[in-house]
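Hi everyone, thanks for coming. Have a look at the slide for a moment, and then I'll walk you through what I found.

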Amino acid sequence: QVQLVESGGGLVQPGGSLRLSCAASGNIYSINAMGWFRQAPGKQRELVAIITSGGGITYADSVKGRFTISRDNAKNTVYLQMNSLKSEDTAVYYCLCNAKSDSMRSAAYWGQGTQVTVSS
């Protein structure tokens, strides 16, 4: 099993910044990809950003130029730097980790979610 611990959510004014962190631990042989999804009330969960083991990065169009995803491989941690936040960024943000265990099986794991609220 893989455990994910998220941190960094909170309340911020429009135009402000927040940095989310997600640390993975447990039975990890290697990590294929880590990323962030979000879910606003009444909406489906959507991709925000994801980074692969090879360094490939994908962003949602709505966050390009404002959010930056990065990864510390030594710490099995992924970060999401969120700048120029807008009210429409308000959501619960979930960390996703696709990892291979020592049995060589890959699986996707989700964090518990962290609330981001953008409001004046």
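Predicted model: local features only at pLDDT ≥ 70, side-chain atom pairs only at ≥ 80, totals over all residues.

One term before we start: a residue is buried when its relative accessible area is under 20%, exposed when that is over 50%, and partly exposed in between, with a 1.4 Å probe and protein chains only. Residues are numbered from 1 along each chain as its sequence is written, and side-chain values use heavy atoms, with hydrogens and water left out.

Okay, strands. When I say strand, I mean a DSSP run of E with at least two residues, numbered from the N terminus; helices would be runs of H or I with at least four. Two strands pair if DSSP finds at least two bridges between them.

Let's begin with the open sheet. Which order do its four strands take? The order is β1-β3-β8-β7, and the pairing is antiparallel. At the edges sit β1 and β7, each pairing on one side only. From one strand to the next, the twist averages 15 degrees. For that angle, axes are lines fitted to C-alpha atoms (for helices, over the stretch in contact), and angles run from 0 to 180 degrees between N-to-C directions.

Zoom in on β3 and β8. These two run antiparallel and are joined by six bridges. C22 has V78 in β8 as its bridge partner. Then there's S21, which belongs to β3, residues 18-26. Is S21 buried or exposed? S21 counts as buried, because its relative accessibility is 18%. Leaving aside residues up to four places away in sequence, S21 touches V5, E6, S7, W36, V78 and Y79. Touching here is a contact, meaning heavy atoms within 4.5 Å.

Next, the hairpins. β4 and β5 run antiparallel, with six bridges joining them, and W36 stands opposite A49 in β5. The hairpin they form has six residues between the strands, and G42 in the turn has a positive phi of about 80 degrees. Moving along, β5 pairs with β6, again in the antiparallel sense, over three bridges. There, I51 stands opposite I57 in β6. This hairpin has four residues between its strands, and G55 takes a positive phi near 95 degrees.

Positive phi turns up at two other places I want to show you. S84 has one of about 50 degrees although it is not a glycine. You'll find S84 in the loop between β8 and β9, and it counts as partly exposed because its relative accessibility is 40%. M104 is not a glycine either, and its positive phi is about 70 degrees. M104 is in the loop between β9 and β10 (106-110), and with a relative accessible area of 42% it is partly exposed.

On to charges. Side chains of opposite charge can pair when their charged atoms come close. The rule for a salt bridge is a side-chain nitrogen of Lys or Arg within 4 Å of a carboxyl oxygen of Asp or Glu. How many salt bridges does that give? The count comes to four.

R38 and D89 make one of them, with the closest N and O atoms 3.0 Å apart. That pair links distant parts of the chain, 51 residues apart: R38 is in strand β4 (residues 30-39), and D89 is in the loop between β8 (77-82) and β9 (91-100). R38 counts as buried at 6% relative accessibility, and D89 counts as buried at 1%.

D89 also forms a salt bridge with R66, where the closest N and O atoms are 2.7 Å apart. R66 lies in the loop between β6 (57-59) and β7 (67-72), so the pair ties together parts that are 23 residues apart in sequence. R66 is buried too, with a relative accessible area of 10%. A network of salt bridges links R38, E46, R66 and D89. A nonpolar core is a set of buried Ala, Val, Leu, Ile, Met, Phe, Trp, Tyr and Cys residues joined through side-chain atoms within 4.5 Å. The largest one here has 30 residues, and W36, L80, M82 and Y93 touch the most other members. Its largest share, five residues, comes from β9.
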